[in-house]
Amino acid sequence: MLADIDTWVLDLDNTLYPAGSALAVQLTDGILSTIAEYYGTDVPGARRIQSELVAEYGTSLRGAMLTGTIDPHEFLGFERRMDYSVIGPDPALAGVLEELPGRRYVYTNGSAYHAEQVLTRLGLTEHIDGVFDILAGELIPKPYAESLDAFLARFGVDPARSAMFDDLEVNLALPHERGMTTVWVTAGTPYEQLAERRWRAADLPSFLRANV
Ligand SMILES: [Mg+2]
């Protein structure tokens, strides 16, 4: 069913490792404490500012840059203090990725540093041909068209021959419109087909093993 796919586009957080991981908690804490410090407020205040920034600018990083003076590397400094050892190797996922025909890219709203740390811990680095991060996207995140177009252009991806995996359904609407096969990674049965070129999967290895 995915026989003509030659490019595999993978989100990182909550897609290549499960939602609810201790890493997600650290990410949220890191972003909130950075915002709290930068804006001189407490955590509840930071949460309010974050939701305003995300609503207006797509990510808090972009919002903080456009409305203030913070440098992206300074904003992302909390990543250097995160404990990535809370996630471990995923040999089942590594095994199926290795056998996928064609190229495999990580397309993330996170940073390249964060992606590299996560891929290393999961044991997936050697199976990934490239990472498109939030800085490569000039801070414009998924689901904006500018981000998707920059990603497709960067790696010369033909939407009709690519499949994109993401835990946020909102990130998959535009890719589907552009002709990509989409796989919404979320809890439930191991996998199911929702419509033509639209899938839902809870378990990536079993989905890929059964359908590629
Ligand atoms: Mg995600």
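**View 1. The chain is assigned two domains.** Domain 1 covers 7–19 + 87–211 and domain 2 covers 22–81. These bounds come from an automatic or database domain assignment. The model is predicted: local features need pLDDT of at least 70, side-chain atom pairs count only at pLDDT 80 or more, and totals for chains, interfaces and linings use all residues. Residues are numbered from 1 along each chain as its sequence is written.

**View 2. Domain 1 meets domain 2.** The C-alpha centres of the two domains lie 24 Å apart. Domain 1 gives 15 residues to the contact and domain 2 gives 11. Contact between two residues requires their C-beta atoms, placed from the backbone, to lie within 7 Å. On the domain 1 side, 10 of the touching residues are nonpolar, 4 are polar and 1 is charged. Here Ala, Val, Leu, Ile, Met, Phe, Trp, Tyr, Cys and Pro count as nonpolar, Asp, Glu, Lys and Arg as charged, and the others, Gly among them, as polar.

View 3. Strand 1 (residues 7–10) runs parallel to strand 2 (residues 103–107), joined by 4 bridges. Helices (H or I, at least four residues) and strands (E, at least two) are DSSP runs, numbered from the N terminus. Strands pair if DSSP finds at least two bridges between them. Leu10 has Val106 of strand 2 as its bridge partner. Val106 in turn is bridged to Val131 in strand 3. Strand 3 (residues 130–132) and strand 2 are parallel, with 3 bridges.

**View 4. Strand 5 is buried on both faces.** In strand 5 (residues 181–185), 5 of 5 residues are buried. Buried means 20 or more other C-beta atoms within 10 Å of the residue's own, exposed means 12 or fewer, and partly exposed lies in between; C-beta atoms are placed from the backbone. In a regular strand the side chains alternate between the two faces of the sheet. Thr181, Val183 and Val185 lie on one side, Thr182 and Trp184 on the other. Strand 4 (residues 162–166) pairs with strand 5 in parallel over 4 bridges. Ala163 stands opposite Thr181. Strand 7 (residues 198–201) also pairs with strand 5 in parallel, over 4 bridges. There, Val183 has Trp199 as its bridge partner.

**View 5. The nonpolar cores.** The largest core has 36 residues, and Val9, Leu10, Leu16, Val106, Phe165 and Val183 touch the most other members. A nonpolar core is a set of buried Ala, Val, Leu, Ile, Met, Phe, Trp, Tyr and Cys residues joined through C-beta atoms within 7 Å. Leaving out residues up to four places away in sequence, Val9 touches Tyr105, Tyr107, Ser162, Ala163, Met164 and Phe165. Another core, of 11 residues, lies apart from the largest one and includes Ile35, Ile49, Leu53 and Leu61.

View 6. Ala22 sits in helix 1 (residues 22–39). Ala22 is exposed because it has 11 C-beta neighbours inside 10 Å. Its C-alpha atom is 22 Å from that of Glu169, 147 residues away along the chain. Gly156 lies in the loop between helix 7 (145–155) and strand 4. With 8 other C-beta atoms within 10 Å, Gly156 is exposed too. From Gly156 to Ile5 the C-alpha separation is 14 Å, across 151 residues of sequence.
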